Amino acid sequence: MSVQQVESLWQHRAACRGPNHGIFFPPSQIERRSEKRMREKRAKEICASCPALDACRSWVASLPTGHVSGVIAGEIHKPMYLKKRRHP
């Protein structure tokens, strides 16, 4: 078994796998703000009880900022192009 295979084993235990994986990412159509909040809340609840949460957090922390988007490791991540710029 390769190192890459061993490191990805946590993904097989992740609670976000399966038929409801879509709630962790924005839909392709426009969603209402209330729908977005409910979707993200439910995704965070699933993350909170996930047996792979610590490994997922480590994985996300190892990636460049803005590399992932959606609810990952119990937090909302936005792609770099959506992050607001700070103006002096």
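Cysteine 16 has a relative accessibility of 34% and therefore counts as partly exposed, where buried means under 20% relative accessible area, exposed over 50%, and partly exposed in between, with a 1.4 Å probe and protein chains only. Its sulfur lies 6.1 Å from the closest cysteine sulfur, that of cysteine 50, which is too far for a bond. Cysteine 50, for its part, is in no disulfide, the nearest cysteine sulfur being that of cysteine 16, and with 15% relative accessibility cysteine 50 counts as buried. A disulfide is a covalent bond that joins the sulfur atoms of two cysteines; here the term is applied to a pair of cysteine sulfur atoms within 2.5 Å, and by this rule the count is zero.

These values come from a predicted model, in which local features need pLDDT of at least 70 and side-chain atom pairs count only at pLDDT 80 or more, whereas totals for chains, interfaces and linings use all residues. Residues are numbered from 1 along each chain as its sequence is written, and side-chain values use heavy atoms, with hydrogens and water left out.

Turning to the fold, the protein chain contains four helices and two strands, defined as DSSP runs numbered from the N terminus (helices H or I, at least four residues; strands E, at least two), and along the sequence they follow the pattern α-α-α-α-β-β. Among contacts in the protein chain with a separation of 6 or more, 39% are between residues 24 or more positions apart, a contact meaning heavy atoms within 4.5 Å. Of the 88 residues in the protein chain, 23% count as buried.
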